[in-house]
Amino acid sequence: MRDILPPESGRWRRFTSVFADVVEAAGYAQLIPPLLEDLGVFTRIGDATDVVTKEMYDFVDKGERRVALRPEQTASVCRAFAQHRPAALPWKVFYSGPNFRYEKPQRGRYRQFDQVGIEALGVDDPMLDVEVIALGWEFYQALGLRQVTLLVNSLGEPDDRARYVEALRLHFEAAGEELSEQSRVTLAKNPLRVLDSKRAPDQPFIESAPQIADFYSPEAANHFDAVQAGLRSLDIPFAVESKLVRGLDYYRRTIFEFQGGTLDSAQNALGGGGRYDGLVEALGGPATPGIGFALGVDRTLIACDDEGCFPAEPRQLDAFIVDVVGGLEAVAITAELRSAGMSADRGYDNRSMKAQMKLANRSNAAFAVIVGEQEAADGTVVAKPMNGGDQVTIPRSELIAHLSAARSQDTRSQDTRSQDTRSQDTRSQKYGTHD
Ligand code: HAM
């Protein structure tokens with residue numbers, strides 16, 4: 001578990017707000033589920049998954065309830081759906097925030113990690129699958145990421161999946177001792193997950209394993225065909241990966257994963273999701289189809305660093321007030337600027353002019369506003385542009401207009417510069433990620 005310090009924390013906030021912009025434009029509204037839920041909410045994720053059996057932060061609270069810190073939010077969203085029974089379907093929600101899994105920490109894998117995600121419940125239409133996948137794709141584009149690969153698969157209807165799992169069990173059991181020891185343990189719990197193994201002895205058996213597509217019912221095949229046709233119509237590049245199974249047990253039919261091209265293969269899943277048509281029912285609600293995804297914030301930002309996009313931005317200020325007098329003038333000027341909507345910080349402790357100018361410089365302020373003895377007596381201030389222009393002495397009453405004029409001139413010249421240099425990618429222009 002880590003602290004996220006400034007300026008990195010500012011990038012996290014922008015990340016969530018760009019995500020909210022993308023999904024709110026498609027009708028998703030924010031749901032804020034609690035961090036802590038009844039343990040039973042999460043055991044529905046499936047008892048064959050490490051997330052439930054090994055990684056849960058669960059404990060008994062003071063009221064003798066068995067509770068857990070959420071390891072993900074899909075189960076919480078389905079619990080909320082079952083509890084509140086929204087009338088208008090699909091129920092489209094998005095969320096962001098921390099999750100907890102007791103995993104072995106390493107780069108891109110933490111015990112407290114953040115996700116942003118969406119879930120859409122109550123509609124079976126494959127075009128909803130297309131929308132959900134497309135929104136994930138669009139968000140990566142908005143961040144400026146280019147090396148993202150989209151893999152899709154279908155696990156079929158529950159019956160198809162069950163017959164496939166049985167066929168896999170027989171196939172891998174026939175390999176006997178030649179299968180790695182870990183995979184033999186996985187096989188006993190969930191034969192599908194053996195397909196995830198990266199261990200060398202397992203590879204020939206994974207290669208020769210039965211293919212899920214051979215088990216699709218006509219309904220499942222039609223649904224998956226429609227999803228692929230929809231993605232093609234939107235020009236979203238994807239590959240069908242028949243060995244993609246994903247780590248959670250609740251998936252049915254469409255599943256997908258976004259992989260980052262610059263990350264280690266063990267941690268290259270930037271995000272993923274799929275359909276989980278039985279989950280609401282398992283949580284006590286009516287039979288309700290659902291689909292969604294969650295994207296890992298930590299890993300996606302590592303990918304951004306690797307690709308040099310969506311950088312952390314240093315703090316910017318309109319003004320830094322250098323108070324050489326130590327009186328109430330600087331207090332008033334700082335307050336006036338802030339209430340006029342400007343960002344202003346100041347020096348304290350009546351430190352020397354030189355020390356305060358150093359702070360002004362470090363603060364990245366556009367202007368140092370100097371309040372000296374003479375200025376305090378005259379009702380004036382010195383406005384010194386920090387980018388090297390000439391300083392001027394002006395009446396205090398003109399300070400806000402002076403700084404505003406400089407700010408709008410600066411924005412105009414930045415706009416002209418960026419129009420010259422930016423690509424025609426309208427999304428990245430909107431979010432300013434492609435400088
Ligand atoms: P997940 O694949 O377990 O799916 O997690 C989604 C993403 O969260 C991963 O691709 C990864 O980027 C990030 N993530 C997971 N564990 C960690 C970790 N320990 N440290 C850092 N990042 C991590 C789900 O959570 C499903 N709820 C997704 C979903 C939504 N399916 C349907 N709707």
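This is a predicted model: local features need pLDDT of at least 70, side-chain atom pairs count only at pLDDT 80 or more; totals for chains, interfaces and linings use all residues.
These are my notebook entries on a few things I looked up in this structure.

**Entry 1: the whole chain**

I started with the overall picture and found 16 helices and 16 strands in the protein chain. For size, I looked at the C-alpha atoms, which fill a box of roughly 90 × 55 × 50 Å along the principal axes. The chain has 435 residues, and 49% of them are buried. Its accessible surface comes to about 20,800 Å², and carbon and sulfur atoms account for 50% of that.

I also wanted to know how far apart in sequence the touching residues are. I took contacts between residues at least 6 apart in sequence, and 70% of those join residues at least 24 apart.

Next I picked out an open sheet of three strands. In what order do the strands of this sheet run? I read it as β2-β4-β3, with antiparallel pairing. β2 and β3 (57-60) are the edge strands, since each of them pairs on one side only. On average, neighbouring strands here are turned by 30° against each other, if I ignore direction. A reminder to myself: strands of a sheet pair through backbone hydrogen bonds, either parallel or antiparallel.

Then I zoomed in on one pair. β2 and β4 (residues 66-69) are joined antiparallel over three bridges. I also checked who faces whom, and E37 stands opposite A68 in β4.

I followed up on L35, which sits in the loop between β1 (29-30) and β2 (36-38). Is L35 buried, partly exposed or exposed? Its relative accessibility is 37%, so L35 counts as partly exposed. The cut-offs I needed for that were under 20% for buried and over 50% for exposed, with partly exposed in between.

**Entry 2: S183**

Last, I looked up a serine. S183 lies in helix α7, which covers residues 181-189. Its relative accessible area is 1%, so I put S183 down as buried. What does S183 touch, leaving out residues up to four places away in sequence? My list has V194, S197, R199 and D202.

**Recap**

Notes:
Residues are numbered from 1 along each chain as its sequence is written. Side-chain values use heavy atoms; hydrogens and water are left out. Helices (H or I, at least four residues) and strands (E, at least two) are DSSP runs, numbered from the N terminus. Buried means under 20% relative accessible area, exposed over 50%, partly exposed in between (1.4 Å probe, protein chains only). Contact means heavy atoms within 4.5 Å. Two strands pair if DSSP finds at least two bridges between them. Axes are lines fitted to C-alpha atoms, for helices over the stretch in contact, and angles run from 0 to 180 degrees between N-to-C directions. Accessible areas come from the Shrake-Rupley method with a 1.4 Å probe; for residues, only the protein chains shown count as cover.
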